[in-house]
Amino acid sequence: MSTAPKIELSGVKKRFGPKIVLDGLDLSVAKGESLVVIGGSGTGKSVLLKCIIGLLTPDEGTIRIDGQDVLTRSQKDRQKQMSKFGMLFQGAALFDSLKVWENVAFGLIKAQGMGRAQAKSIALEKLKRVGLQSDVADLHPDELSGGMKKRVGLARAIASEPEIIFFDEPTTGLDPIMADVINDLIVECVRDLGATTVTITHDMASARKIADNLGMLYDGKIIWHGSKADIDQSGNAYVDQFIHGRAEGPIKMALRSH
Amino acid sequence: MNIFAIIGRLTLDGLAALGRLSLFASHALRHLVLPPLFLKNIGQQMMVIGYNSLPVVGLTALFTGAALAQQIYVGSERFNAESTMAAVVVIAIVRELGPVLGGLMVAGRVSSAMAAEIGTMRVTEQIDALVTLSTNPYKYLVVPRLIAGVITLPGLVIVANIIGVFGGFLVATQRLGFNPGSYLTVTMNFLEVTDIVSSLVKAAVFGFVIALMGCYHGYYSTGGAQGVGRATTNAVVSAFILILLANLIITITVFQS
Ligand SMILES: Nc1ncnc2c1ncn2[C@@H]1O[C@H](COP(=O)(O)OP(=O)(O)OP(=O)(O)O)[C@@H](O)[C@H]1O
Ligand SMILES: [Mg+2]
């Protein structure tokens with residue numbers, strides 16, 4: 001192999017108390033690739049993203065970004081690496097003390113030291129790309145609908161045009177038309193900015209649209225990893241059950257009856 | 001249930017919390033001296049801690065000073081020592097009651113608010129979002145609150161001291177028939193520089209404690225709305241206890257007989 005993958009995980013383990021969430025997980029994402037991770041609720045998809053970006057520290061294993069092992073580096077180095085990343089959180093995680101445009105411009109102003117006027121015009125442009133007009137810019141997050149918050153979070157994640165962008169359920173809570181606008185936007189980010197993206201979604205239509213490759217997380221491991229074209233012939237009973245949304249199959253949902 | 005296991009568990013939990021607090025405080029102090037400083041955040045926090053606390057601190061001082069004067073008058077009447085009343089009032093207010101009551105009132109208002117705000121930011125992943133936007137949460141959230149606490153509390157306590165002495169003055173002159181001029185003369189004569197300095201040092205320490213407890217409990221809150229509620233309570237209770245403990249230590253150190 002000539003070039004190292006953009007993101008490479010091997011043997012990553014993460015537990016919370018007795019609960020093992022990631023159990024020796026291997027994954028690699030090439031530069032400019034759009035990977036979609038699917039998997040049941042509570043299987044650790046969000047934890048996976050947080051481990052890669054450095055919000056959580058795995059108990060075991062290695063994570064390489066651009067070929068460099070990030071876990072052995074100092075906290076300070078990891079913070080410097082952070083400017084490579086953008087992340088849309090599952091719950092949007094907007095700063096509720098700041099206006100919408102200040103949320104979007106936050107990284108530009110605070111981390112890059114850009115002037116407010118210039119940062120605002122970039123923020124307005126990003127907001128437009130996620131389908132929000134400038135009258136939203138001066139509102140506070142608590143005045144927005146759930147789907148609008150998600151789109152502001154998306155605008156914030158892409159505002160500084162990072163090399164690696166994580167989208168944690170970008171289309172959940174959006175109407176189908178807006179969901180497709182967001183799908184297009186993610187495709188554009190990969191195509192125009194050359195960004196490497198990892199997207200978590202339960203929405204198979206969206207997965208098919210934005211993915212180059214898909215990976216399925218189950219029981220703490222990536223049990224299937226392949227290109228979008230192969231997903232329907234994966235020959236993997238877990239993947240088949242998931243993409244067709246069947247209650248019967250090898251995946252047992254942890255339902256409790258009491 | 002093994003009693004030793006329970007004691008052991010409690011001891012370990014206590015030590016773990018102490019270690020985490022020390023680590024938190026040392027992180028915060030390190031970021032306090034390293035640039036950049038978020039000046040706008042410091043200004044905002046000074047408004048919240050200082051200006052918005054003025055009414056409650058002022059009223060507390062006024063009522064306490066007045067009640068104190070009445071009690072000292074009644075108590076010292078038996079020894080015909082009413083003339084020392086002004087001296088006792090000013091010393092009690094400036095050395096102890098001004099900073100302690102001021103500190104406690106501000107702790108009740110501010111530690112809880114800080115813990116609730118930062119705790120909410122924690123459980124809604126806003127602190128994680130700060131990190132992903134290359135902004136250190138200690139710098140952005142904790143340091144401005146610590147600085148604002150240390151700067152504003154002395155100012156508030158000066159106001160509390162003045163209003164407290166004025167409360168005593170009101171009772172003495174309006175109710176008990178003291179001569180205003182001589183009451184003030186006694187007040188000024190008995191007040192020493194050490195009293196004022198110790199009062200301000202206490203205030204600064206309390207300001208630090210108040211902000212530290214609010215930030216620490218908020219920062220480590222877990223478990224949704226209930227967790228934030230718990231963090232709020234813990235912040236106030238621990239700030240109260242640490243203020244009273246710090247006060248005792250400073251008093252013993254400064255005022256040795
Ligand atoms: N900070 C934490 N402390 C303790 N347990 C955690 C923490 N974060 C996640 N978990 C646990 O890890 C498991 C995986 O959580 P995660 O949020 O990654 O799920 P997910 O795959 O993103 O699910 P969903 O599709 O519902 O978002 C869950 O069982 C959760 O309880
Ligand atoms: Mg999730």
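Start by selecting Arg129(A) and Glu188(A): their side chains form a salt bridge, with the closest N and O atoms 2.6 Å apart. A salt bridge here is a side-chain nitrogen of Lys or Arg within 4 Å of a carboxyl oxygen of Asp or Glu. Side chains of opposite charge can pair when their charged atoms come close. The pair links distant parts of the chain, since Arg129(A) sits in helix α4 of chain A and Glu188(A) in helix α6 (residues 176–193) of chain A, 59 residues apart. Helices (H or I, at least four residues) and strands (E, at least two) are DSSP runs, numbered from the N terminus.

The cut-offs are under 20% relative accessible area for buried, over 50% for exposed, and partly exposed in between (1.4 Å probe, protein chains only).

A word on what you are looking at. This is a predicted model, where local features need pLDDT of at least 70, side-chain atom pairs count only at pLDDT 80 or more, and totals for chains, interfaces and linings use all residues. Residues are numbered from 1 along each chain as its sequence is written, chains are lettered from A and ligands numbered from 1 in the order in which they are written, and side-chain values use heavy atoms, with hydrogens and water left out.

**Next stop: another bridge in chain A**

Select Glu102(A) and Arg116(A), a salt bridge whose closest N and O atoms are 3.0 Å apart. Glu102(A) belongs to helix α3 (residues 100–111) of chain A and Arg116(A) to helix α4 (residues 116–129) of chain A, 14 residues apart. Glu102(A) is buried, at 14% relative accessibility, while Arg116(A) is partly exposed, at 42%.

**Over to chain B**

Now pick Arg95(B) and Asp195(B), whose side chains meet in a salt bridge (2.6 Å, N to O). Arg95(B) lies in helix α4 (residues 85–123) of chain B and Asp195(B) in helix α8 (residues 193–219) of chain B, so this pair ties together parts 100 residues apart in sequence. Click on each one: Arg95(B) is partly exposed, with a relative accessible area of 25%, and Asp195(B) is buried at 1%.

For a salt-bridge group, hop back to chain A and select Lys6(A), Asp66(A), Lys84(A) and Glu163(A), which are joined into one network by salt bridges that share partners. Over all chains, the structure holds 18 salt bridges.

**Where the chains meet**

Color the two chains differently and look at the interface. Here 16 residues of chain B are in contact with 21 residues of chain A. Together the chains bury about 1600 Å², 61% of it on carbon and sulfur atoms. Buried area is the accessible area (1.4 Å probe) that two parts lose on being put together, summed over both. Select Gln126(B), Thr132(B) and Leu133(B): they supply 35% of the area that chain B buries against chain A, more than any other three residues.

How many salt bridges are there between chain B and chain A? The count is one. To see a cross-chain bridge, select Lys50(A) and Glu125(B), with the closest N and O atoms 2.4 Å apart. Then highlight helix α5 (residues 126–132) of chain B, which gives the most to the side of chain B that touches chain A, with six residues. For the complex, the predictor gives an ipTM of 0.89 and a pTM of 0.88.

**Last stop: a strand in chain A**

Finish with Thr197(A), found in strand β8 (residues 196–200) of chain A. Thr197(A) is buried, with a relative accessible area of 0%. Not counting residues up to four places away in sequence, Thr197(A) touches Glu33(A), Ser34(A), Leu35(A), Ile165(A), Phe167(A) and Val190(A).

Conventions: Contact = heavy atoms within 4.5 Å.
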